[in-house]
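Please have the sequence and the model at hand while reading.

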Amino acid sequence: MCTVTYLPLSNSSFILTSNRDESKFRKIALPPEKYFIYDSNVYFPKDADANGTWFAASETRFTLCILNGAFEPHEHKPPYRLSRGLMLLDFFKYKNVQGFCSQYDFKGIEPFTLFIFEQGSGTRIHELRWDGNKIYSGTKDSSMPQIWSSAQLYSKQVIGQREKWFAEWLKANHEFTMDKIVLFHKTGGDGNSYTDLLMNRDGKVFTVSITSVKRAEKESLMRYEDIISGSGAHDIKIE
């Protein structure tokens, strides 16, 4: 939920990768499976505490991922009415992004940034930010590689550093593959475990997993790697 990269492969295909940074007190998540929810087949790793997720892909049109926080760091004030991971799955109740934004009740949910990747004749990136009071919506350029980091865990200065690391990676990697970008998510940084992409803050908050999806016209694949168990990559076809 804390570092996300997007790599366009063509007008309608891309690779999306996410590092999940969490407290040591959370249970180990379940690897991705296919679930039938709201009349759709949806693929996602499942949070073992709240049964939600931070990363999900429908079999056809939508891919979603979420980051902690909206624009600025916020004070954690539990209990919340609903987990962000369950809110993400609730998206699949709706036919489109506009309906979700206008009809969903976000009150009582901790601040977040949600990215919705919509495939059709091309790819459209929707960005939703909830600051605890208001939902803000916009779009991002799907023709350009992107990196986003959690506003809750990383200062603007550190977010800027990460953008520079990503720009350097792009200069050295002209052909985008899942293997290459997952390696960047493991090794990107300058050796500071507090701010590297694979982060660890004194064993209290750290990167617990990496999830990546390749959405393509002929075949789509989700890859999940649990960093804590070291069990290796788990691949599942989206079909």
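The model is predicted. In soluble globular proteins, nonpolar side chains tend to be buried together. Here the largest nonpolar core has 52 residues. Leu 16, Met 87, Phe 100, Leu 114 and Phe 117 are the residues with the most contacts inside this core. Another core, of nine residues, lies apart from the largest one, and Trp 165, Phe 166, Phe 184 and Leu 197 are among its members.

What does Met 87 touch, if residues up to four places away in sequence are not counted? Its partners are Ile 66, Leu 82, Phe 100, Tyr 104, Phe 106, Ile 109, Phe 112 and Leu 114.

A search of the whole structure gives 22 aromatic pairs. Two of them are set out in the table.

| Ring pair | Distance between centres | Angle between planes | Class |
|---|---|---|---|
| Phe 106 and Phe 112 | 6.0 Å | 45° | tilted |
| Phe 166 and Phe 184 | 5.8 Å | 40° | tilted |

Phe 106 and Phe 112 are both buried. They also belong to a cluster linked by ring pairs, whose other members are Phe 62, Phe 91, Phe 92, Tyr 94, Phe 100, Tyr 104 and Trp 130.

The pair of Phe 166 and Phe 184 links distant parts of the chain, with the two residues 18 residues apart. Phe 166 is in helix α3 (residues 156-172), and Phe 184 is in helix α4 (residues 178-187). Buried means under 20% relative accessible area. Phe 166 has 3% relative accessibility and therefore counts as buried. Phe 184 is buried as well, with a relative accessible area of 5%.

Two packed helices are described by the angle between their axes and the distance between the axes. For α3 and α4 the angle is about 145° and the axes are 12 Å apart. The crossing of these two helices is right-handed. On the α3 side the contact is made by Trp 165, Phe 166 and Trp 169, and on the α4 side by Lys 180, Ile 181 and Phe 184.

The charged end of Arg 20 lies over the ring of Trp 54, at 4.0 Å from the ring centre. Over the ring of Tyr 154 sits the charged end of Arg 162, 3.9 Å from the centre of that ring.

Conventions: Residues numbered from 1 in each chain as written. Predicted model: local features only at pLDDT ≥ 70, side-chain atom pairs only at ≥ 80, totals over all residues. Heavy atoms only, no water. Core = buried A, V, L, I, M, F, W, Y, C linked by side-chain atoms within 4.5 Å. Buried < 20%, exposed > 50% of the residue type's maximum accessible area, 1.4 Å probe, protein only. Contact = heavy atoms within 4.5 Å. Phe/Tyr/Trp six-rings, centres within 6.5 Å; stacked < 30°, edge-to-face > 60°. Helix = DSSP H or I, 4+ residues; strand = E, 2+ residues; numbered from the N terminus. Lys NZ or Arg CZ within 6 Å of the ring centre and 35° of its normal. Axes fitted to C-alpha atoms, helices over the stretch in contact; angles between N-to-C directions. Left-handed = near helix turned anticlockwise from the far one by under 90°.
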